[in-house]
Amino acid sequence: MLEEVLVDCAACGEPMALDVDTTGGEEQSYFEDCPVCCRPMEIFVRCEPGRVLSISVSAE
Ligand SMILES: [Zn+2]
């Protein structure tokens, strides 16, 4: 189940939409390139199926 979440890029501050797979586990972290500045960010997600509880990003 994918949920769309808006986050601000940790490097350039631009908002971007992420599709989070909420059935992929309670706590997830993965890398995603910002579509604006192309820098990699680490995304930390806490979720339950169908709902994102919290999300944070940190620049590499
Ligand atoms: Zn960026």
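**Strands, zinc and a few residues**

Modeller: Gladly! β3 and β4 run antiparallel and are joined by seven bridges. Please keep in mind that this is a predicted model.

Colleague: How do you know that β3 and β4 count as paired?

Modeller: Two strands pair if there are at least two bridges between them, and β3 and β4 have seven. One of the bridges links Glu 27 to Arg 46 in β4.

Colleague: Which strands make up the open sheet, and in what order?

Modeller: Three strands form it, in the order β3-β4-β5, with antiparallel pairing. β3 and β5 (51-59) are called edge strands because each pairs on one side only. On average, neighbouring strands of this sheet are turned by 25 degrees against each other, direction ignored.

Colleague: What joins β1 to β2?

Modeller: Seven bridges, and these two strands also run antiparallel. Within that pairing, Glu 3 has Val 20 of β2 as its bridge partner, while Val 5 stands opposite Leu 18 in β2. β1 and β2 form a hairpin with six residues between them.

Colleague: Which residues sit on the covered face of β2, and which on the uncovered one?

Modeller: Met 16, Leu 18 and Val 20 are on the covered face. Pro 15, Ala 17, Asp 19 and Asp 21 are on the uncovered one.

Colleague: Now the metal, please. What makes Cys 9, Cys 12, Cys 34 and Cys 37 donor residues of the zinc ion?

Modeller: A donor atom here has to be within 2.8 Å of the metal. The SG atoms of Cys 9, Cys 12, Cys 34 and Cys 37 coordinate the zinc ion at 2.3 Å, so they meet that limit. Along the sequence, the donor residues are spaced C-x2-C-x21-C-x2-C.

Colleague: Why is the arrangement around the zinc ion called tetrahedral?

Modeller: Four donors count as tetrahedral if all angles lie between 85 and 135 degrees. The angles subtended by the four donor atoms here are 102 to 117 degrees, so the arrangement is tetrahedral. For reference, the ideal angle for four tetrahedral donors is 109.5 degrees.

Colleague: Which parts of the chain do Cys 12 and Cys 34 tie together?

Modeller: Cys 12 lies in the loop between β1 (2-8) and β2 (15-21), and Cys 34 in the loop between β3 (27-33) and β4 (40-48), so this pair ties together parts that are 22 residues apart in sequence. Not counting residues up to four places away in sequence, Cys 12 touches Cys 34, Val 36 and Cys 37.

Colleague: Cys 34: buried or exposed?

Modeller: Buried means under 20% relative accessible area. Cys 34 has 2%, so it counts as buried. Cys 12 has 30%, which falls between the 20% and 50% cut-offs, so Cys 12 counts as partly exposed.

Colleague: And what about Gly 13 in the turn of the hairpin?

Modeller: Gly 13 has a positive phi of about 85 degrees. With a relative accessible area of 40%, Gly 13 is partly exposed.

Colleague: What is there to say about the phi of Cys 38?

Modeller: Cys 38 has a positive phi of about 65 degrees although it is not a glycine. As a rule, most residues other than glycine have a negative phi. Cys 38 is found in the loop between β3 and β4. Exposed means over 50%, and Cys 38 has a relative accessible area of 56%, so it is exposed.

Colleague: Why does Gln 28 count as buried?

Modeller: Its relative accessibility is 16%, so Gln 28 falls under the 20% limit and counts as buried. Gln 28 lies in strand β3. A polar atom of the Gln 28 side chain is 2.8 Å from the backbone oxygen of Asp 21. Leaving out residues up to four places away in sequence, Gln 28 touches Asp 21, Thr 22, Ile 43, Phe 44, Val 45 and Cys 47.

How values were computed:
Residues numbered from 1 in each chain as written. Predicted model: local features only at pLDDT ≥ 70, side-chain atom pairs only at ≥ 80, totals over all residues. Heavy atoms only, no water. Donors = N, O, S within 2.8 Å, 3.2 Å for Na, K, Ca; no water. Tetrahedral: all angles 85-135°; square planar, octahedral: opposite > 155°, others 65-115°. Helix = DSSP H or I, 4+ residues; strand = E, 2+ residues; numbered from the N terminus. Buried < 20%, exposed > 50% of the residue type's maximum accessible area, 1.4 Å probe, protein only. Axes fitted to C-alpha atoms, helices over the stretch in contact; angles between N-to-C directions. Polar contact = N/O pair within 3.5 Å; in protein donor to acceptor, adjacent residues only side chain to side chain. Contact = heavy atoms within 4.5 Å.
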